[in-house]
Amino acid sequence: MIIKKIKELTKEEEEKIINRNKANFEEILPTVMEILKDVKEKGDEALKYYTKKFDGVEIEDFKVTDEEIEEAYNSVDYKVVEAIERAKENIYFFHKKQMEQIKDLNVENNGIILGQVVRAIEKVGCYVPGGRAFYPSTVLMTTIPAKVAGCEEIYITSPPTKDGKGNPATLIAGDIVGVSAIYKVGGVQAIGALAYGTETIPKVDIIVGPGNIYVTTAKKMVYGEVAIDFLAGPSEVLIIADETANAEFVALDFIAQAEHDPNASCVITTTSEKKAEEIKNKIFEEIEKAERKEIILKALENSAILIGDLEECIEFSNKYAPEHLEILTKNPEEVLNKIKHAGSVFLGEYSPVPVGDYASGTNHVLPTSQFARMSSGLNVETFLKKITYQKLDKESLKNIADIVITLAEAEGLFGHAEAVRRRLK
C-alpha cells in the first residue's frame, strides 16, 4: 500500500493507482476468448465442462426448478427473506422515480412533427456473482430497474454452490422480483451463454451486472454481439477524509470494499498527515480481526493513503473516477459540487457504501476502472431505447427541401436529393 503526499507521487506511482487492473485485462484475454469460443460452438456441453472445471460440480440441467426455489425458502432464516422484501421496496421506489423523468416526446417545429417514443429492451441477462460470496442484493439491483423499465424477459445466471444447487438467498430474491428464469452457471461461460445462447439458456439483448476480472473481460469481448451496461468490477472505493473524519469509520469502510476481491482497489485521500497515520493504524488493527483477512491483504497491493489539501484530494478523485466515493468532510455537499466523475457518492459519516450496496434505494451496479468518467451506474435508462420519429406534410417538406437537397448533393448522394425533389413537383 502506497502512503504518500499527492504532490510527491511519481508518475509511475500515480499511474499504478489510477490505472488499476487495466494490465490484468490483457493478461487474461486469451483464456477468456477460448472459453467464449467454446460456449459459442458447443453450447451446453461447454457450460458443463467449465462448470465442472471451475466450480467443481457436475450439472445436467442448469435451469433452477420451482422445487429448488421452494427448498430455498425452507432453508433460509425468515429475517433474510424479510430483508430482501424491504430492500426491494426501497430499490423499487427510487427506480420508479427515475422512470417518471423519462417521457415520450411530441413537438412541432416549422410545421414538422418531431418526437420520440420510449421502448424497453426485450431480453435481459443479469449476471449475479458467486464464488467467494453470493449476492442476492445484486439480483435486486439488476432485475428491479429492468422490471420498472418494462422488459419482457429477465434471466439470471449465477454460479452454483458446491452441492450443485443455486444459492438459496439468490433464488429467493429472483423469485420475489419475479424473473423469467434462473440458471446455475457463472463465470465467463455464463456471459458466453447469454451472449450467444445455448440449448437451455436464451440469447439476450443486453447483459448487465458486476463480476470479477474474468467476467468483466468477457462482457467487454461480447459487446457488439449484445449490449452491455458497462465494465463493472472489481470493486473500488475512494474516500475523501478531512481532519474531522472518524478514523475508525474510514478504516471500516476501507475493509468493507477490500474484502470483496483480491483485485479490489481502495484509496483514501486525507488532508491531515496525522489522520493518515491514525487511519493506517486502524486499518491494520481491523485486518487482524477480519473474517476475509487473506483477500483484504491481497487487495492492499492495489491500495493507497494519499495526503494533500482538500482541493488536491478532490482533483485526485476526479482523475481516479471511483466506483464508490465517500466524502467524510465537514461540508460534504460543498465537496460534491466539485466532483465530476463517480459512480455513486456517499455523503457524511453515517452514509457508508454498504447502505447503497443493500437498501438505501440507489443502485450498486456501478462503473469501475475509470469508466465513471463516461458512464452512469445501472438505472432504468440502461434498459430503455428512445425511438425518434418525424411527420411532415407537403408544405413543411417544402420549407426544408433546399437544405436537404443542397446537403445531399454536396455529399454526392443524388438519390437522397431526388427523393425530396420529386415529391414537390
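Visitor: Is Glu-41 buried or exposed?

Guide: This is a predicted model. In it, Glu-41 is exposed, with a relative accessible area of 54%. The cut-off for exposed is over 50%.

Visitor: Which residue does Glu-41 meet in a salt bridge?

Guide: Start with the general idea. Side chains of opposite charge can pair when their charged atoms come close. Here the side chain of Glu-41 meets that of Lys-37, at 3.2 Å from N to O. Lys-37 is partly exposed, at 48% relative accessibility.

Visitor: Where do Glu-41 and Lys-37 sit in helix H2?

Guide: They are 4 residues apart in helix H2 (residues 22-42), so about one helical turn separates them.

Visitor: How many salt bridges are there?

Guide: The count comes to 23. Helix H11 (residues 273-289) holds Lys-280 and Glu-277, 3 residues apart. Their side chains form a salt bridge at 3.1 Å, N to O. Glu-277 is partly exposed, at 40%.

Visitor: What are the closest N and O atoms of Lys-289 and Glu-286 apart?

Guide: They are 3.6 Å apart, in a salt bridge. These two residues are 3 apart in helix H11, about one helical turn. Lys-289 is exposed at 55%, whereas Glu-286 is buried at 13%. Elsewhere, salt bridges with shared partners join Glu-409, Glu-418, Arg-421 and Arg-422 into one network.

Visitor: Which residues form a nonpolar patch on the surface?

Guide: Met-1, Ile-3 and Phe-284 do, with about 240 Å² of accessible area together. Ile-3 lies in strand S1 (residues 2-5). Ile-3 is partly exposed, at 39% relative accessible area. A patch residue needs over 30%, so Ile-3 passes that cut-off.

Key:
Residues numbered from 1 in each chain as written. Predicted model: local features only at pLDDT ≥ 70, side-chain atom pairs only at ≥ 80, totals over all residues. Heavy atoms only, no water. Patch = residues over 30% accessible without salt bridge, like charges linked within 9 Å, V, L, I, M, F, W, Y side chains within 5 Å. Areas by Shrake-Rupley, 256 points an atom, 1.4 Å probe, with all protein chains shown as cover. Salt bridge = Lys/Arg side-chain N within 4 Å of Asp/Glu carboxyl O. Buried < 20%, exposed > 50% of the residue type's maximum accessible area, 1.4 Å probe, protein only.
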